[in-house]
Amino acid sequence: MEKLFFLISMVIAVSLSGCTSECSDCGCDDCGESGSGNLELIRDWSALLPDMERPEEVDVYLYHPELSPRHEVTYSDVSRYDVAPGRYEVLAVNRQDAALFRGMDNYYTAEVCLPTHTRDSCVIVEEAPLLLFDRTAVKVGDKQSRCTVVPTPFIKTIHFSIRIHRQGDVREITMCCGRLDGVLTSAKICVRQQDRFSASLDFTPKKESTDVFKKSVTLLGVNPDVSHNLKLELTDESGMVQKAETDVGKLDFSDTSVLNCHIELNITGTGMEVGIVDWEPGGVGDIVLQ
């Protein structure tokens with residue numbers, strides 16, 4: 001009987017030991033809440049705009065100079081991980097179905113890419129979804145260390161405002177379509193160096209009043225090595241279509257993530273002229289959520 005109790009106690013001890021080992025290695029939030037691990041990761045959402053919703057999932061990448069990168073998917077604002085001591089680069093991103101992430105083996109090669117397709121013999125990129133990123137560094141010692149990540153919007157925004165001036169017997173414009181060239185299809189997450197491949201972005205401004213159309217577009221950025229042409233196509237009440245094209249000049253997001261573009265269109269019975277009135281920098285609060 002004593003031998004039987006001894007064997008049962010040994011089985012229980014081995015089972016508990018195996019469970020503890022599994023929890024310390026998996027790095028999941030549930031195991032973290034039990035107190036295992038020596039890195040506590042906290043997500044701070046203070047950088048979100050008032051009407052932004054927190055993503056349900058956040059992908060966390062832990063980069064150690066001598067170890068393979070560690071990738072975790074977290075569902076809570078606090079998680080704990082059992083990691084080797086050393087200095088880590090921590091990258092937090094929110095996954096989007098409309099975006100592809102590649103080069104995630106290292107933080108300086110990590111980038112986000114948007115799908116493209118061909119329309120009218122032109123490569124078209126869709127608008128960028130709401131992407132949130134943060135990169136920070138933490139030194140992990142033998143005792144518990146704490147790291148806070150603050151995901152912020154990664155996208156750029158252009159607010160287009162189109163005002164139409166009709167002269168003579170010109171019918172009211174009912175629809176406006178635009179195409180902006182030189183829009184990036186991918187962007188590095190942690191470094192400034194960017195791939196230069198770009199495409200065109202199609203957008204359809206909404207009619208705000210009789211002669212005013214507005215539209216906000218979201219993108220990863222623009223390619224500074226190509227011209228940024230803006231093409232507009234206007235349809236009037238009779239169904240007649242008029243087209244115009246203009247060079248919008250050098251677009252620069254280095255000092256702001258938001259640009260406001262004011263466009264004036266003069267339409268007469270003999271033709272149409274389009275001009276860019278100005279480009280004004282906006283603020284982070286002007287980002288339009290998709």
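**Salt bridges**

Modeller: Start with a network of salt bridges that links Arg 119, Asp 120, Arg 179 and Asp 202. This is a predicted model: local features need pLDDT of at least 70, side-chain atom pairs count only at pLDDT 80 or more, and totals for chains, interfaces and linings use all residues. Residues are numbered from 1 along each chain as its sequence is written, and side-chain values use heavy atoms, with hydrogens and water left out.

Colleague: What makes a pair such as Asp 77 and Arg 54 a salt bridge?

Modeller: The term asks for a side-chain nitrogen of Lys or Arg within 4 Å of a carboxyl oxygen of Asp or Glu. The side chains of Asp 77 and Arg 54 meet at 2.9 Å, N to O. That is within the cut-off, so the pair counts. The whole structure holds 15 salt bridges.

Colleague: Where do Asp 77 and Arg 54 sit?

Modeller: Asp 77 is in the loop between strand E3 (70-74) and E4, and Arg 54 is in the loop between E1 and strand E2 (58-63). They are 23 residues apart, so the pair links distant parts of the chain. As for the names, strands (E, at least two residues) and helices (H or I, at least four) are DSSP runs, numbered from the N terminus.

Colleague: Why is Arg 54 called exposed, and Asp 77 partly exposed?

Modeller: Buried means under 20% relative accessible area, exposed over 50%, and partly exposed in between, with a 1.4 Å probe and protein chains only. Arg 54 has 52%, so it counts as exposed. Asp 77 has 30%, so it falls in between.

Colleague: What makes Arg 135 and Glu 89 a link between separate parts of the chain?

Modeller: Their side chains form a salt bridge at 3.1 Å, N to O. Arg 135 lies in strand E10 (residues 132-140) and Glu 89 in strand E5 (residues 86-93), so the bridge ties together parts that are 46 residues apart in sequence. Arg 135 is partly exposed at 36%. Glu 89 has 15% and is therefore buried.

Colleague: How do you know that Arg 166 and Asp 211 form a salt bridge?

Modeller: Their closest N and O atoms are 3.0 Å apart. Arg 166 lies in strand E13 (residues 156-166), and Asp 211 in the loop between strand E17 (206-209) and strand E18 (212-219), so this pair ties together parts 45 residues apart in sequence. Arg 166 has 32%, so it is partly exposed. Asp 211 has 19%, so it is buried.

Colleague: Why is Asp 236 called buried?

Modeller: Its relative accessible area is 7%, so Asp 236 falls in the buried class. It sits in strand E19 (residues 229-236).

Colleague: Which polar contact does the side chain of Asp 236 make with another side chain?

Modeller: The partner is Ser 238, at 2.7 Å. A polar contact is a pair of N or O atoms within 3.5 Å; within protein, one must be able to donate a hydrogen and the other to accept it, and residues adjacent in sequence count only if both atoms are side-chain atoms. The side chain of Asp 236 also reaches the backbone nitrogen of Met 240 at 3.0 Å.

Colleague: What is Asp 236 in contact with, leaving aside neighbours within four places in sequence?

Modeller: Arg 171, Glu 172, Ile 173 and Thr 174. Contact means heavy atoms within 4.5 Å.

Colleague: Is Asn 38 buried or exposed?

Modeller: Asn 38 has 12% relative accessibility, so it is buried. It is found in the loop between helix H2 (29-33) and strand E1 (39-43). A polar atom of its side chain lies 3.3 Å from the backbone oxygen of Val 83.

**Sheet and core**

Colleague: What makes E4 and E11 edge strands?

Modeller: The open sheet has 3 strands in the order E4-E1-E11, with mixed pairing. Strand E4 (78-81) and strand E11 (145-149) each pair on one side only.

Colleague: How do you know that E1 and E4 pair?

Modeller: Two strands pair if DSSP finds at least two bridges between them. E1 and E4 have 4 and run antiparallel. They therefore pair. Glu 40 stands opposite Arg 80 in E4.

Colleague: Which residues touch the most other members of the largest nonpolar core?

Modeller: Val 90, Leu 91, Leu 131, Ile 158 and Phe 160, in a core of 72 residues. Strand E21 (residues 258-268) gives the largest share, 6 residues. Such a core is a set of buried Ala, Val, Leu, Ile, Met, Phe, Trp, Tyr and Cys residues joined through side-chain atoms within 4.5 Å.
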